Amino acid sequence: MTKHVTKKHEIQNTPDLSTSSEGIVKGIQRHYGRTLGVYHPTASNHYKYKALAYTIRDFLMKDWHSSRKTEHENTGKRAYYLSLEFLMGRALGNAVLNLGFDERTKEALHELGLDVEELMDEEHDAGLGNGGLGRLAACFIDSCATLRLPVTGYGIRYEYGMFRQRIENGHQQEEPDHWLSDGNVWELERPEYKQRIHFGGRVEKYHDEKGVTRRRWVGTNDVLAVPYDVPIPGFKNHHVNTLRLWSATATNEFDLGEFNAGSYPESVAAKNDAEKISMVLYPNDASENGKELRLRQQYFLASASIKDVLRQWVRKYGTDFSQFAEKNVFQLNDTHPTVSVAELMRILMDDYDMVWDDAWAITTKTLTYTNHTLLPEALERWPVHLFGRLLPRLLEIIYKINEKFLLVVAKKWPGDMDKLRQMSIIEEGDMQQVRMAYLAIVGSFSVNGVAQLHSDLLVEGLFADFYALWPDKFNNKTNGVTQRRWMAQCNKPMSALISETIGDSWVTQLEDLRGLAPYIDDAAFRKKWAACKTLNKQRLAKVVEQECGVIFPTNAMFDIQVKRIHEYKRQLLNILHVIHLYDRIKRGDTKNWTPRCVLIGGKAAPGYYMAKLIIKLTNSVADIVNNDPDVGDKLKLVFFPNYRVSAMEIICPAADLSEQISTAGKEASGTGNMKFMMNGALTIGTLDGANIEIREEVGEENFFLFGLDAAQVEAARGNYDPNAIIAADKNFTRVMDLLENGHFNHDERDLFRDIIGAIRGSDDPWLVAADFTSFVEAQELAAKAYQDEEKWQRMSILNTAYSGKFSTDRTMQDYNREIWKLEPIDIK
């Protein structure tokens, strides 16, 4: 018999909280004592951080609930952003800013005798990404929330992230980045929405109740995907979107029979095997086991996310999918989640009994694909034997997609067998491979690059055949970054000066920064601008001394290159220039010298030998340069360890010169270049990625250009003699002599032999030698410009003033206007 209880209140109603500084004080006190159970005021800052974070999260909760309720009631279109990476950084500062609680939070902490920066430093960077791809995804979902667009992010909740980088004897050492060791205040587990994900097994035929022959996936080894939700607040608009992260666990975590039989490891084997999927971002795939784990991760993300979207659809609309494509759109962030094409087909056909043509019509009207690379080797390809063993039903579907697609190709180019081989989703050869980028193009209604040059090169080269077949599918969406984190949050001095001068509308309308341009003629403003940069340089110099043991004089030019370590990004070219400057100092060629502090940072993939050797070379050169009394404060070099979002928030505002020096035609876009530009750094760079558009916006006179362009790079293939280039340039010859004579590695002869061989190799795809002379000349122009303080400040102000195009608010508006077609949500 059910007991009747009189209900006086709705359990879901959230009591109002006081948003005053006094309300924040009370919230901190409440969570400190009651949530965390701490009663000693001298407890570590860790508990004080958590009490503050819980308090700020409380203010987000009501808006989050209202946003989800409104979205659920709304019958309009929704978008889902699938990405293997979301490099979120720290959440507390972003939440405080977007709530508009900056000043009242400082006041509350002051009342409690606490320092806001000290508490924010207690937060771990969320280990959910590696480089530009993940940071871009984080900026995208921030802008979607600010624009009130109904967009849900889907990713993986990695337990250990990428890795924590430690430098030992100049070499990169990888350590686990257990960013969840202290828990995560900002996530909410949602076990009621878990999904079952299939692997292995076999496919069998059967006849349904209507006698129709169908296929089903049986005998699978399943894991569970458990969602953890993270709030993504918009800027002062009460709109909070959701980032849903999947964690892998076993369907049966503990085998009591095995345990009682004394087989203790076997009793938790299923749990351990399942949890590997969400353990580490980008496991080393040099081995077959590594490849399998990466494919498992990609399918895990795609399957869990699509099932979750379909669960919500069925709950609201039942199994009528006739309007599904009109109300849903999936954005696949790079090639990692493109197995979604086959998975959506599988679910619609196998779970909802849809016929092929209907399922294909829905799939190709809901999926869209963003490409982020021009490097063919970086596009996902999976051995057919591995794919078939792990995902047999999906491989069947991919074969059928390919069969039907090749009929379209044959109709367009009758009798052209080469064209069929070139465009086939299944690559033939000694080992058959599934070309995932091709699957994405065939299964999507939109394919975009992320900078105009990148998009042009895609349709002219990598995807030229597909462009000839479907020109209307291809488009460009130039990347951006969110100015709220990358200016308003991380560069308080400059942001305050800008708002004081032209108002604060730029925080949501970055184009309004153009109002700064007339102030280049205002001497008082230029002086304030320079003072802001000095404050930021002092802050970075303090961190560099703590992390690297090197003192950066703040009157020097801060010359910065921070990004993933890769040969195409050419950290090596930067080091060669440092060696050139060192050589000049040693020869006494220091007339009209510009002091320079060079900072390089970034992580190398654990299995990437050359990238790790470049890190070692950087540190070896730094050891010599920083300890030579002849050099002194004329030149400093550091490799900044464990580069991450929170480090970039200190580095970016302090930069004078931004190094964007990739081989032309290799960088899809870049986003670091945009962050530096917004913060008043000048760019030295090639005509690559978004550099081209940055130069167009700010003007060629405010950009230090060097090197071959993309067409010249291609023309150099097979016609490249680096040794002749070196011999013709005395500066370059001296640099190579120092390298080859072991000046930077006395105790380890031949340590850098492979780097020297790469520079001198006629098959060097990155053309380091080809651009050296031009790079040195551009660096000399930058050094000369820096000596003219008035000129430099003018150029710096204009870089910030003309950075408006590079906000992700504009990027997301472009995606929405031309691809997604969503209506902004009005929160009730």
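Modeller: What follows goes through the ring pairs and then the helix contacts around them.

The model is predicted, and local features are taken only where pLDDT is at least 70, side-chain atom pairs count only at pLDDT 80 or more, and totals for chains, interfaces and linings use all residues. Residues are numbered from 1 along each chain as its sequence is written, and side-chain values use heavy atoms, with hydrogens and water left out.

The count comes to 29 aromatic pairs, where rings of Phe, Tyr and Trp (its six-membered ring) pair if their centres lie within 6.5 Å, and planes under 30 degrees apart are called stacked, over 60 edge-to-face and the rest tilted. One of them joins F59 and F101 edge-to-face, at 5.0 Å centre to centre and with 85° between the planes. This pair links distant parts of the chain, since F59 belongs to helix 2 (residues 45–73) while F101 sits in the loop between helix 3 (92–99) and helix 4 (102–111), 42 residues apart; helices here are DSSP runs (H or I, at least four residues), numbered from the N terminus. F59 has a relative accessible area of 10% and is therefore buried, a word that means under 20%, with exposed over 50% and partly exposed in between (1.4 Å probe, protein chains only). F101, at 5% relative accessibility, is likewise buried.

F732 and F772, by contrast, form a stacked pair, with 4.1 Å from centre to centre and 20° between the planes. Here too distant parts of the chain are linked, with F732 in helix 30 (residues 730–740) and F772 in helix 32 (residues 768–787), 40 residues apart. F732 has 0% relative accessibility, so it counts as buried, and F772 is buried with a relative accessible area of 0%.

T19 lies in the segment before helix 1 (21–35) and, at 37% relative accessibility, counts as partly exposed.

F772 also takes part in a helix contact, in which L572, L573, N574, L576, H577 and H580 of helix 23 meet V768, D771, F772, F775, V776, Q779 and E780 of helix 32. By class this contact has 7 nonpolar, 4 polar and 2 charged residues, where Ala, Val, Leu, Ile, Met, Phe, Trp, Tyr, Cys and Pro are nonpolar, Asp, Glu, Lys and Arg charged, and the others, Gly among them, polar. Helix 23 (residues 571–586) and helix 32 pack at about 55°, with their axes 10 Å apart, which makes helix 23 oblique to helix 32.

Finally, ring pairs link Y81, F86, F140, Y815 and W820 into a cluster. Helix 6 (residues 132–146) and helix 34 (residues 808–820) pack at about 75°, with 9 Å between their axes, and are therefore roughly perpendicular to each other. Their contact brings C139, F140, S143 and C144 of helix 6 to T808, D809, T811, M812, Y815 and W820 of helix 34, and these residues divide into 6 nonpolar, 3 polar and 1 charged. Axes are lines fitted to C-alpha atoms over the stretch in contact, with angles from 0 to 180 degrees between N-to-C directions; under 35 degrees is roughly parallel, over 145 roughly antiparallel, 65 to 115 roughly perpendicular and the rest oblique.

How values were computed:
Helix = DSSP H or I, 4+ residues; strand = E, 2+ residues; numbered from the N terminus. Contact = heavy atoms within 4.5 Å.
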